[in-house]
Amino acid sequence: VQLQASGGGLVQAGDSLRLSCAASGRTVSRYCMAWFRQAPGKEREFVAGIWRSGTTTDYADSVKGRFTISRDNAKNTAYLQMNNLKPEDTAVYFCAADENMILSTFRQGLSSSYRYWGQGTQVTVSS
């Protein structure tokens, strides 16, 4: 499966953005999907994940209550709605997918658990 992330940009603190991750090649409904981010000089970190059916989601503590992950399997697309953005949210955001995940692994939010990755989209939040 190929993943294409989009929707990043330059915004001010308190603004919102919605990232999209369009999948092609295979039916995305079979895949768990997630968003990770990487700020300059930092390691890639988990942001949010969504189970195949969309019924189960997981979030990093730093984004709980502000970010919402969702998916539209009919459109083969996952989304990350980001509200009340903060300067510390500045990073390159990557979407990821994997079809061979069990729930316990999904809950760990490890980047090594995801086989397929998009190219990343830059999100910059000014104060």
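Tutor: A salt bridge here means a side-chain nitrogen of Lys or Arg within 4 Å of a carboxyl oxygen of Asp or Glu. Keep in mind that this is a predicted model. Lysine 64 and aspartate 61 form such a bridge, with their closest N and O atoms 3.2 Å apart.

Student: Is aspartate 61 buried or exposed?

Tutor: Aspartate 61 is exposed, at 66% relative accessible area. Lysine 64 is partly exposed, at 47%.

Student: How many salt bridges does the structure hold?

Tutor: Five. One of them joins arginine 37 to glutamate 45, at 2.6 Å from N to O. Arginine 37 also meets aspartate 89 in a salt bridge, at 2.9 Å.

Student: Where do the two partners in that last pair sit in the chain?

Tutor: Arginine 37 is in strand S4, residues 32–38, while aspartate 89 is in the loop between S8 and S9. They are 52 residues apart, so the pair links distant parts of the chain. Aspartate 89 is buried because its relative accessibility is 1%, under the 20% cut-off. Arginine 37 is buried too, at 5%, whereas glutamate 45 is partly exposed, at 36%.

Student: Which residues are joined into one network?

Tutor: Arg37, Glu45, Arg66 and Asp89, through salt bridges that share partners.

Student: New topic: what's the phi of asparagine 76?

Tutor: It's positive, about 55 degrees, though asparagine 76 isn't a glycine. Asparagine 76 lies in the loop between S7 and S8 and is buried, at 18%.

Student: And asparagine 84, what's the phi there?

Tutor: Positive, about 50 degrees. Asparagine 84 is in the loop between S8 and S9 and is partly exposed, at 42%.

Notes:
Residues are numbered from 1 along each chain as its sequence is written. This is a predicted model: local features need pLDDT of at least 70, side-chain atom pairs count only at pLDDT 80 or more; totals for chains, interfaces and linings use all residues. Side-chain values use heavy atoms; hydrogens and water are left out. Helices (H or I, at least four residues) and strands (E, at least two) are DSSP runs, numbered from the N terminus. Buried means under 20% relative accessible area, exposed over 50%, partly exposed in between (1.4 Å probe, protein chains only).
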